[in-house]
Amino acid sequence: MKEFDTIAAIATVLGEGGISIIRISGSKSLDIVDSIFKGKNNRNLLDIKPYSMRYGFIIEKGTEDVLDEVLVTYMKGPRSYTAEDTVEINCHGGVTPTKRIFQEIIKAGARVAEPGEFTKRAFLNGRIDLSQAEAVIDIIRAKTELSMKSAVLQSNGRISKEINSLRNRLLQIIAHIEATVDFPEDDLEEVTSNQVSIQIENIINEVNQLLITADEGKILREGLNVVIVGKPNVGKSSLLNALLKEQRAIVTEVPGTTRDVIEEYINLDGVPIKIIDTAGIRETEDIVEKIGVEKSKEKIMEADLIIFMIDLSRKLDDQDKEIMDYIRDKKYIVLLNKSDLENKVVKEDLIGLNLKYIIESSAKSGKGLDELKDSIKELFFKGEVKNQDIIITNARHKEALIRAKESLSSALDTLNNTLAIDLSSIDIRNAWSKLGEITGDTLEEDIIDKIFSEFCLGK
């Protein structure tokens, strides 16, 4: 079975650097590396102490040619990342030496690891559960310290602890119900519908508390999609540069300079904000610009928030009004840009827009930027980004919580509308199973495979 193969992968990004790390995991990992290793005074690796490092050279098996000078680390299972015997080779950074050593490892008997297979083995070997495994990729992809902290808490089992507590309580309820139903002649304390209802309501409240964090958690994990829109030359690229505090977008006096979509991240109190600068929306015959305009419209449809920029120094025209109609049903903030110039926009022109989120700004001077950031926090985080102990950041976890809550609500209905208390245990067991999908205890194997396939190689 491939689960018992010895696997290998390059664990660092390929390119020029100080070192590269090649990771090998499985029962034959030490033997495989020993077969291509030559230590000082021809010392081999077989007597290496666990959790120590040995200096030497990797050689080509057929020719005995030295490929690179290396340090080899040995971690004995189960006290390793995968809970298996694991060897890591530190070689010189660079594409050629790293690939050559990796090729020798494969020739010596290891199999090329699939994406996420090291973490999958840690899960299959019981060192971590599925929510902790998913947190590993979140740590790698984290764009701010706050999103990384949330992922680290999850990787340490903070969410698992909460979910396992809820599941244990559900299991106790099921056990009590089934005991009183199956063994009525025994002198057991009778469990009443009222008692079970109170316990179920308490668990539903706790599930609700977790779900409340999910929307903010999704943003923390994936970033908030913010699209800057407006007709050409209103200052969209200048705003992007002002937010990034660097000259990222090309700014000129020529309308239609931005012909594609530019994406960058900023950090807003620890929240990753993906700022998307779009091509100006207007009728155009330029084929390249036309494609950019269509991409802009796609990004608007996908956006969590739209920043609609209006040029105060020009009267509103049909292009502005077309965008106003396009974004009316979305979450938006209106920036009245170039407020340092003569104002040619009258209030009557803005009828139909939410006045609460209309801000006078100047991308050139930075006026209105703090107000813009405060408005984003108010729209999505009730004015403040809180540093919470437990946040549901994963859409899969949110879905499982919703399904568990539905089953618990169904159990409550059964308890309230029938005298047969044992019928509710079916829904309670379904809720227990749904919560188990978060930790991986009750999840189908093909879904588990799909989750790990999204990981990077070598992790």
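This section describes selected helices, loops, surface features and salt bridges of a predicted model.

Helix H2 comprises residues 95-107. At 1.5 Å a residue, its 13 residues should span 18 Å, and the end C-alpha atoms lie 18 Å apart, in agreement with that value. The buried residues of H2 are Thr98, Ile101, Phe102, Glu104 and Ile105. These residues are placed on the same side of H2, because they cover an arc of only 160° around the axis. The exposed residues Thr96 and Lys107 are carried on the face of H2 turned away from its buried side. Just after H2, Gly109 has a positive phi of about 130°.

An α-helix has 3.6 residues a turn, so residues three or four places apart point the same way. Glu104 is buried, with a relative accessible area of 2%, whereas Arg100 counts as partly exposed at 24% relative accessibility.

Buried residues in H12 are Leu369, Leu372, Ser375, Ile376, Lys377, Leu379, Phe380 and Phe381. Lys377 is buried because its relative accessibility, 13%, falls under 20%. This residue forms a salt bridge with Asp374, the closest N and O atoms being 3.8 Å apart. Lys377 and Asp374 are three residues apart in helix H12, and thus about one helical turn separates them. Asp374 is partly exposed, with a relative accessible area of 45%. Lys382 follows H12 and has a positive phi, near 55°.

Over the whole structure, 28 salt bridges are found. One of them joins the side chains of Glu206 and Arg169, at 2.8 Å from N to O. This pair links distant parts of the chain, with Glu206 in helix H7 (residues 193-212) and Arg169 in helix H6 (residues 158-182), 37 residues apart. Glu206 is partly exposed, with a relative accessible area of 28%, and Arg169 also counts as partly exposed, at 27% relative accessibility.

Several backbone features occur in loops. In the loop between strand E3 (37-39) and strand E4 (52-59), Tyr51 has a positive phi of about 65° although it is not a glycine. Tyr51 is partly exposed, with a relative accessible area of 39%. The loop between E5 and strand E6 (86-92) contains Pro78, which is joined to Gly77 by a cis peptide bond with omega of about 5°. Ala83 lies in the loop between E5 and E6; its phi is near 70°, a positive value in a residue other than glycine. Ala83 is buried, with a relative accessible area of 18%.

Strand E5 (residues 66-75) includes Leu71. Together with Met53 and Tyr55, Leu71 makes a nonpolar surface patch of about 270 Å². Leu71 is partly exposed, with a relative accessible area of 34%. Thr119, in helix H3 (residues 117-124), has a relative accessibility of 0% and counts as buried. Its side chain is joined to that of Tyr81 by a polar contact of 2.8 Å.

Terms used: Residues are numbered from 1 along each chain as its sequence is written. This is a predicted model: local features need pLDDT of at least 70, side-chain atom pairs count only at pLDDT 80 or more; totals for chains, interfaces and linings use all residues. Side-chain values use heavy atoms; hydrogens and water are left out. Patches are made of residues with over 30% relative accessible area and no salt bridge: like charges are joined within 9 Å, nonpolar side chains (Val, Leu, Ile, Met, Phe, Trp, Tyr) within 5 Å. Accessible areas come from the Shrake-Rupley method with a 1.4 Å probe; for residues, only the protein chains shown count as cover. A salt bridge is a side-chain nitrogen of Lys or Arg within 4 Å of a carboxyl oxygen of Asp or Glu. Helices (H or I, at least four residues) and strands (E, at least two) are DSSP runs, numbered from the N terminus. Buried means under 20% relative accessible area, exposed over 50%, partly exposed in between (1.4 Å probe, protein chains only). The expected span of a helix is 1.5 Å times one less than its number of residues. The arc is that of the directions from the helix axis to the C-beta atoms. A polar contact is a pair of N or O atoms within 3.5 Å; within protein, one must be able to donate a hydrogen and the other to accept it, and residues adjacent in sequence count only if both atoms are side-chain atoms.
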